[in-house]
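Please have the model open as you read.

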Amino acid sequence: MSVDPAYTEHLAHNYHPLEVVVSHGDGAWVTDVDGKRYLDCLAAYSAVNFGHGHPLLVAAAKEQLDRITLTSRAFHNDQLGPFATALAALAKKDMVLPMNTGAEAVESAIKVARAWGYRVKGVTPDAAEIIVMDGNFHGRTTTIISFSNDEQARADFGPYTPGFVSVPYGDAAALEAAITPNTVAVLVEPIQGEAGIVVPPADFLPAVRTLADTHNVLFIADEIQSGLGRTGATFQCDNVGVTPDLYLLGKALGGGIVPVSAVVGNRDILGVLRPGEHGSTFGGNPLAAAVGHAVVELLATGEPQERARLLGRHLQDGIAGLVGHGVLGYRGAGLWVGVDIDPALATGRVVCERLAERGVLVKDTHGSTIRFAPPIVASETDIDFAVEQLREVLAELA
Ligand SMILES: Cc1ncc(COP(=O)(O)O)c(C=O)c1O
């Protein structure tokens, strides 16, 4: 198999993909241009939670393609209302602000939190502060990278947007110390995905909730990667029994078919936006709404969440058996596991390349950590296959 030279010649080099050229997908598996099959254990960073070509989602998209795909929000469309109603009900909130990419949902929430700070909380104009977590990943826009600690994501892209303060992830005392009268929000990933599937101490998110209530600060949970079934619950916040003020959703909300993201919250917060203050040409388009609605209907059954919980236990049990055999440690929630490979054996990249040769697609992050996030439609046999391939790769490298 050879990679199209256009990748070098005509595409900006902002990615370093594995040498796999995918042409088809079906459920948890993809097929390359030579007909070789791979178990997709990345699932497009959890955007493909429900598998490639899920029949109900594809049917919803096809039906809508034949009707109408884009109206802009200058007019109403008949898909957006039912989608917003269903998503608000799933999240047990009042309102939805539909956007497209995850980064747009984050940007939208930053604007909403600032406007809420000035109009409701009474913060001095232009003085609003948002507290973020060290090691965060919320996207790639100039404002979002302004509060990243990852030099690769930031360097040479300044000047940076002010108004953010970063504290150690999982450290409630540091969070409390950083709150000032100008603090409008705390922006948190319930599990830090890009950082290596880092799970905070069990009492951290409840402490964020308490501090947010005590200091009249919004708790914004970025569930763009952790939400919508991946962790064995609708939201990772459910797993620790907390309810944020705003949920940020994306990735799987579009069923792996179209980009769909949203900010979801109650009227007292999302209601601060007035006509003309915020928008997106594609946000809330009928195709996105039809697919997003079908995704919400899938989740409303609770079946994907339950499956992720059971399969995740199976995956974690399998990985546990590799500790001491090339794996230093692992952590995760549901069907989402970060695995620390012994750096003395190989980089995460090399392990990913070896796994790809054996028909398993995963992605490394931060040196020697690799993450497993297969589609929730995978089978136990698929999970066993992935673990066995990792065991054999590590044995080869030892
Ligand atoms: C937690 C989190 N927030 C936001 C984003 C940005 O999403 P997008 O790439 O759709 O802009 C990501 C992407 O990986 C993410 O993991």
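## Overall build

With 398 residues, a compact globule would have a radius of gyration near 21 Å, and the protein chain agrees with this because its own value is 21 Å. That radius is taken over C-alpha atoms, and the globule rule is 2.2 Å times the number of residues to the power 0.38. Along the principal axes, the C-alpha atoms occupy a box of roughly 60 × 55 × 45 Å. The protein chain holds 15 helices and 15 strands, which are DSSP runs numbered from the N terminus (helices: H or I, at least four residues; strands: E, at least two).

Please note that this is a predicted model, in which local features need pLDDT of at least 70 and side-chain atom pairs count only at pLDDT 80 or more, while totals for chains, interfaces and linings use all residues. Residues are numbered from 1 along each chain as its sequence is written, and side-chain values use heavy atoms, with hydrogens and water left out.

## Around the ligand

| Residue | Ligand atom | Distance |
|---|---|---|
| Asp 222 | nitrogen | 2.7 Å |
| Gln 225 | oxygen | 2.7 Å |
| Lys 251 | oxygen | 2.8 Å |

Taken alone, the ligand exposes 390 Å², of which the protein buries 81% (Shrake-Rupley method, 1.4 Å probe).

## Two backbone details

Which peptide bond is cis, with omega near 5°? The one from Gly 158 to Pro 159. Pro 159 sits in the loop between helix 7 (151-154) and strand 6 (164-167).

Tyr 45 belongs to helix 2 (residues 43-46). Phi of Tyr 45 is near 55°, a positive value in a residue other than glycine.

Terms used
Polar contact = N/O pair within 3.5 Å; in protein donor to acceptor, adjacent residues only side chain to side chain.
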